[in-house]
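This report describes how the parts of one protein chain are arranged. Please consult the sequence and the structure shown below while reading.

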Amino acid sequence: MSTQSALLKVMSDAARKAARGLNRDFGELSALVVAKKAPADFVSAADLKSEQVLFEALSKARPGYGFLAEERGLVEGTDKTHTWIVDPLDGTTNFLHAIPHFAINIALQREGAVVAAITHNPATNEMFWAEKGKGAFVNDRRLRVAQRTRLEEAVIATGIPFLGHGQHARFLKELHQVSQKVAGVRRFGSAALDLAWVAAGRYDGYWERDLSSWDVAAGVLLVAEAGGRVSNADGAEDAVGSGSVCAGNLDIHARLLERLQAAK
């Protein structure tokens with residue numbers, strides 16, 4: 001059954017509304033990049049515009065809910081049990097380079113647990129969505145994590161620390177431990193889509209450090225509802241608040257964690 005609840009419809013509608021602006025800007029950006037103008041300001045404007053659209057749409061639909069987002073930080077609501085966790089544009093560097101791999105991320109946290117999630121790639125019109133206990137979907141198709149159990153057959157996603165972000169030396173140790181055991185490692189530049197693609201069975205597993213809650217909150221639920229396992233990169237439960245993530249099916253998750261432990 002792939003009919004969205006009223007809550008998920010609110011989230012999907014907000015994501016589609018913000019996506020219209022991003023798609024429009026993405027088209028213009030391609031021209032800006034080719035013209036060798038400085039597009040960085042243009043992207044941050046697109047980011048802010050997307051967040052404003054999401055903030056207004058979600059606040060109107062669910063007055064009083066808190067709102068935690070990349071640009072504006074935490075806006076406390078009168079309803080202390082509910083908080084939207086939002087990334088208006090995950091994969092900004094891809095967007096900046098006119099690469100069509102970026103996403104709008106919306107998660108709803110109820111009393112500390114994520115209960116509903118949307119990850120939407122406007123460029124491909126793929127809407128990944130999940131509600132706690134009700135499964136995960138992309139558009140109207142049910143998602144299941146990949147069934148491979150051996151690292152030798154697995155394709156694993158990751159993120160590489162870039163200028164001013166994260167510990168490069170630790171990443172290289174982890175990459176060394178993982179890459180010599182797997183069929184391939186991919187780095188596509190959007191944590192939100194990395195997790196959605198694990199849920200969809202496109203990637204067998206994924207790990208990354210130095211993340212924010214809005215990068216992963218939606219994806220953690222998507223993977224769990226697709227039958228996968230998510231922890232932080234050290235194996236502890238709280239992936240949303242801990243700043244790191246390790247995801248896969250039960251077997252790959254366990255084997256990937258072993259490789260990460262071996263890198264210490």
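A salt bridge is a side-chain nitrogen of Lys or Arg within 4 Å of a carboxyl oxygen of Asp or Glu. The model is a predicted one, and a search of the whole structure finds 14 salt bridges.

## Salt bridges

Side chains of opposite charge can pair when their charged atoms come close.

| Pair | N to O distance |
|---|---|
| Glu152 and Arg150 | 4.0 Å |
| Glu153 and Arg150 | 2.9 Å |
| Glu174 and Arg209 | 2.9 Å |

Arg150 takes part in a salt bridge with Glu152 and in one with Glu153. Arg150 is partly exposed, with a relative accessible area of 43%, and Glu153 is partly exposed at 39%.

Glu174 forms a salt bridge with Arg209. This pair joins distant parts of the chain, with Glu174 in helix 4 and Arg209 in strand 11, 35 residues apart. Are these two residues buried or exposed? Residues under 20% relative accessible area count as buried. Glu174, at 3%, is therefore buried, and Arg209, at 12%, is buried as well. Glu174 and Arg209 also belong to a network of salt bridges with Asp234 and Lys264.

Strands of a sheet pair through backbone hydrogen bonds, either parallel or antiparallel. Here, five strands form an open sheet in the order 10-9-11-13-12, with mixed pairing. Strand 10 (184–186) and strand 12 (229–231) are the edge strands, each pairing on one side only. On average, neighbouring strands of this sheet are turned by 15 degrees against each other, direction ignored.

Helix 4 (residues 168–179) packs on the sheet and touches strand 9 (155–158), strand 10 and strand 11 (205–209). The direction of helix 4 makes about 165 degrees with that of strand 11. Val230 stands opposite Ala247 in strand 13.

The hairpin of strand 5 and strand 6 has four residues between the strands, and Asn125 takes a positive phi near 60 degrees.

Strand 6 is also antiparallel to strand 7, with three bridges between them. Ala130 has Ala136 in strand 7 as its bridge partner. Four residues lie between strand 6 and strand 7 in their hairpin, where Gly133 in the turn has a positive phi of about 85 degrees.

In a regular strand the side chains alternate between the two faces of the sheet. From strand 6, Glu126, Phe128 and Ala130 point one way, while Met127, Trp129 and Glu131 point the other way. Six of the six residues of strand 6 are buried.

## The nonpolar cores

Which residues touch the most other members of the largest nonpolar core? Among its 39 residues, they are Phe128, Leu143, Tyr206, Val223 and Val245. The elements that give two or more residues to this core include strand 5, strand 6, strand 7, helix 5 (191–199), helix 6 (213–225) and strand 13. Val223 touches residues including Leu195, Val198, Ala199, Val230 and Ala247. Apart from this core lies another, of 34 residues, among them Val10, Phe55, Leu89 and Phe102.

Nine of the nine residues of helix 5 are buried, so the helix is largely enclosed by the rest of the structure. Helix 5 is followed by Gly201, whose phi is positive, near 80 degrees.

How values were computed:
Residues numbered from 1 in each chain as written. Predicted model: local features only at pLDDT ≥ 70, side-chain atom pairs only at ≥ 80, totals over all residues. Heavy atoms only, no water. Pairing = 2+ DSSP bridges. Axes fitted to C-alpha atoms, helices over the stretch in contact; angles between N-to-C directions. Contact = heavy atoms within 4.5 Å. Core = buried A, V, L, I, M, F, W, Y, C linked by side-chain atoms within 4.5 Å. Buried < 20%, exposed > 50% of the residue type's maximum accessible area, 1.4 Å probe, protein only. Lists of a residue's contacts leave out its neighbours within four places in sequence.
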